[in-house]
Amino acid sequence: MQPIAPGTVVFHRFRGYGVLTAVNLLSGWVSVRFGQEARTLDLCLSSDQLQHADGEPILFRRDPPERMPHARLMAMVRALHDAGYQRLYLYSWPKPSGLHWHWHLFAGPRNWSARPLRAGWFGSGADYIFNPVLGWGDAPGASTAELIQALAQFDPEGLSHARGHDADHSAWFAATCDALLPDYAYSFGWEAPNAVAASAALAGAALQVMPVRQGLPAYGGAALPLAPGLQHLDRSRNIFPSLKSGAECLLRGA
């Protein structure tokens with residue numbers, strides 16, 4: 001399926017060609033501007049028979065798009081680990097509302113509770129559903145190789161900090177990717193959606209899992225361990241720094 005994002009040219013059987021100005025990948029509602037019309041028209045991808053400019057139908061209900069980028073990020077990080085950039089880490093955790101998840105890439109020392117922030121290296125599913133890009137010059141629907149190339153061009157200095165070996169983390173990450181991709185991603189939040197996860201969480205070894213698209217069943221695989229180094233963190237501490245203070249953290253560099 002071709003990517004759906006603001007700027008995509010679409011075709012409507014009654015109004016002709018138009019351009020998407022806003023997209024909500026969670027609900028399937030889009031805003032479209034047709035021709036010289038001053039106002040945009042709100043349409044639903046599941047019922048209004050929109051097509052791409054080349055005639056490919058947009059089938060939102062049959063092939064729902066990802067509502068969060070975490071699985072794509074996991075695939076990218078794994079590929080970089082295989083290329084020798086094993087000091088690259090992906091931290092993800094739920095927003096307080098529980099509707100979306102933050103993501104945060106960082107490189108260098110593996111310090112889960114004091115993670116450096118760099119421009120373009122963090123975001124939220126709440127932003128992704130309206131504009132499905134990660135923030136470093138990537139295009140909607142970019143492949144793993146294209147994401148890596150865009151990140152290397154956007155911030156080569158930041159990516160250089162990831163060069164090196166972290167054998168225990170890269171082994172854990174590869175096993176987690178094998179268990180979850182392409183339909184699920186992990187969260188380092190402490191929620192426990194079922195009894196199995198709850199008992200594992202009490203033991204300090206529960207990795208929370210969430211589907212990246214609507215309509216997928218809850219994860220039913222075996223309980224997965226937390227990343228190396230996370231098992232011993234004090235849960236009473238706030239290890240989820242607010243992204244609102246990102247400007248202050250950016251001044252510290254990586």
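Colleague: Which residues form the one aromatic cluster here?

Modeller: Tyr89, Tyr91, Trp93, Phe106, Trp112, Trp172, Phe173, Tyr186 and Phe188 make it up. One thing before we go on: this is a predicted model, where local features need pLDDT of at least 70, side-chain atom pairs count only at pLDDT 80 or more, and totals for chains, interfaces and linings use all residues. Residues are numbered from 1 along each chain as its sequence is written, and side-chain values use heavy atoms, with hydrogens and water left out.

Colleague: Thanks! How many aromatic pairs does the count come to?

Modeller: The count is 15 aromatic pairs. In one of them, the ring centres of tyrosine 91 and tryptophan 93 are 5.6 Å apart and the planes are at 65°, so this pair is edge-to-face. The rule takes rings of Phe, Tyr and Trp (its six-membered ring) with centres within 6.5 Å, calling planes under 30 degrees apart stacked, over 60 edge-to-face and the rest tilted.

Colleague: Tyrosine 91, then: buried or exposed?

Modeller: Tyrosine 91 is buried, at 0% relative accessibility. Tryptophan 93 is buried too, at 4%. Buried is under 20% relative accessible area, exposed is over 50%, and partly exposed is in between (1.4 Å probe, protein chains only).

Colleague: What lies over the face of tryptophan 93?

Modeller: That would be arginine 115, 5.3 Å from the ring centre. Elsewhere, arginine 163 sits over the face of tyrosine 85, at 4.9 Å from the ring centre. To qualify, NZ of Lys or CZ of Arg must be within 6 Å of the ring centre and within 35 degrees of the ring normal.

Colleague: Let's zoom out. How many helices and strands does the chain have?

Modeller: There are seven helices and ten strands, taken as DSSP runs numbered from the N terminus (helices H or I, at least four residues; strands E, at least two). The chain has 254 residues, and 46% of them count as buried.

Colleague: And the loops? Where is proline 132 found?

Modeller: Proline 132 is in the loop between helix H2 (125-128) and helix H3 (144-154), and at 5% relative accessibility it is buried.

Colleague: What is proline 132 in contact with, leaving aside neighbours within four places in sequence?

Modeller: Its partners are Ile4, Ala5, Pro6, Leu25, Arg72, Pro140 and Gly141, with contact meaning heavy atoms within 4.5 Å.

Colleague: Now proline 109: which loop is that one in?

Modeller: Proline 109 is in the loop between strand S7 (101-107) and strand S8 (122-124). Proline 109 is exposed, with a relative accessible area of 59%. Beyond neighbours within four places in sequence, proline 109 contacts Arg87 and Tyr89. That Tyr89 is one of the aromatic cluster we started with.

Colleague: Nice link. Last topic: how much space lies in the second largest pocket?

Modeller: About 350 Å³. A pocket is an open set of points on a 1 Å grid over the protein atoms alone where a 1.4 Å probe fits, with protein on both sides within 12 Å along at least five of seven lines. Its volume is the space filled by probe spheres set on the points, which are joined across faces, edges and corners.

Colleague: Which residues lie nearest the centre of that second largest pocket?

Modeller: Met1, Pro3, Pro65, Glu66 and Gly141, out of 16 lining residues, where lining means having an atom within 4 Å of a point. Gly141 also turned up as a contact of proline 132.
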